[in-house]
Amino acid sequence: MTDKTPAARIPLTVLGTGAMGTALVRAWLAAGHPVTVWNRTPARAEALAARGATVAASAAEAVSASRLVIACLLDDASVGAALDRADLAGRDLVNLTTGTPAEGRARAAWATARGARFLDGGIMAVPPMIGDADSGGYVFYSGSPELFEEHRDALAVPAGTRYVGEDAGFAALHDVALLSAMSGMFAGITHAFALIGPEDIAPKDFAPLLVSWLGAMSGSAHKAADQIESGDYGKGVVSNLAMQVAGNATLLRTAEEQGVSPELLTPYTALMERWLAEGHGAEDTTGAVELLNLRRSAADRA
């Protein structure tokens with residue numbers, strides 16, 4: 001990490017010393033920040049005490065020790081329970097607990113009503129990436145722009161920072177959107193390995209092909225974004241929806257021949273078939289996003 005000036009080594013409090021909370025605390029301690037920690041199970045904070053952290057007996061005591069308070073707990077309910085008796089007036093609360101956009105917005109209103117400024121965060125990293133400037137890990141932040149600007153340097157110590165807006169729900173939304181895309185990729189990887197499983201094809205030999213192919217295809221997100229923003233799903237089409245749906249039949253037949261369940265593929269192939277049935281065969285597959293927007297569909301039916 002880069003050296004910090006003494007003025008920048010502000011004291012802070014971290015609530016929660018699980019794997020991620022511990023990694024965050026270690027990074028701040030290494031950068032010279034005085035850190036007060038609290039954990040529901042005190043024994044889990046002992047290793048951090050040995051590194052120089054101050055262990056508070058209660059969450060309320062931990063909050064009183066620092067203006068900047070970081071919550072990294074199990075879930076949103078845990079945040080509410082931990083801070084129920086804490087005096088948040090004049091505090092800057094940064095919630096790095098995984099949650100939904102609605103939870104982020106509600107927690108922001110809750111914190112504001114108690115006199116605190118609030119940021120919600122979505123951590124795009126696993127614990128070993130925290131504190132490693134070359135890991136590529138970063139945290140989405142949304143909520144109070146003033147809080148973010150004031151504490152930007154301190155927040156950047158464990159991982160990179162990306163502020164995504166004043167709407168406190170946007171950090172969680174960005175986080176979950178990326179994780180959802182990752183989940184779909186993992187589903188495809190799992191299906192691909194299942195297909196070659198019965199054959200004399202070494203997974204380690206196949207993996208580089210898979211990585212290269214997925215990397216090349218991931219760039220299509222830029223074209224999809226352009227089509228969605230313009231509303232023109234026929235823009236720049238290379239392989240149209242009708243061709244893709246026809247090709248899906250081969251994917252499904254191959255799965256059957258290999259004795260592999262198609263359950264990881266069929267939700268997407270069914271969605272494409274529905275969009276084709278609505279007359280979009282000459283367009284790109286991107287337009288199927290319209291079928292997923294339940295609020296827009298409800299408005300169209302009204």
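## Terms and basis

Contact here means heavy atoms within 4.5 Å, and helices (H or I, at least four residues) and strands (E, at least two) are DSSP runs numbered from the N terminus. This is a predicted model, in which local features need pLDDT of at least 70 and side-chain atom pairs count only at pLDDT 80 or more, while totals for chains, interfaces and linings use all residues. Residues are numbered from 1 along each chain as its sequence is written, and side-chain values use heavy atoms, with hydrogens and water left out.

## Helices α10 and α11

In α10, the residues L241, A242, Q244, V245, N248 and L252 meet T266, T269, M272, E273, W275 and L276 of α11. By class, this contact of α10 with α11 comprises seven nonpolar, four polar and one charged residues. Helix α10 (residues 241–258) packs against helix α11 (residues 266–277) at an angle of about 145°, and their axes lie 10 Å apart.

## Helices α4 and α5

The axes of helix α4 (residues 76–83) and helix α5 (residues 101–113) come within 11 Å and cross at roughly 15°; α4 and α5 are therefore roughly parallel to each other (angles under 35 degrees count as such). On the α4 side the contact is made by D76, V79, G80 and L83, and on the α5 side by E103, R107 and W110.

Methods. Axes fitted to C-alpha atoms, helices over the stretch in contact; angles between N-to-C directions. Parallel < 35°, antiparallel > 145°, perpendicular 65-115°, else oblique. Nonpolar A, V, L, I, M, F, W, Y, C, P; charged D, E, K, R; others polar.
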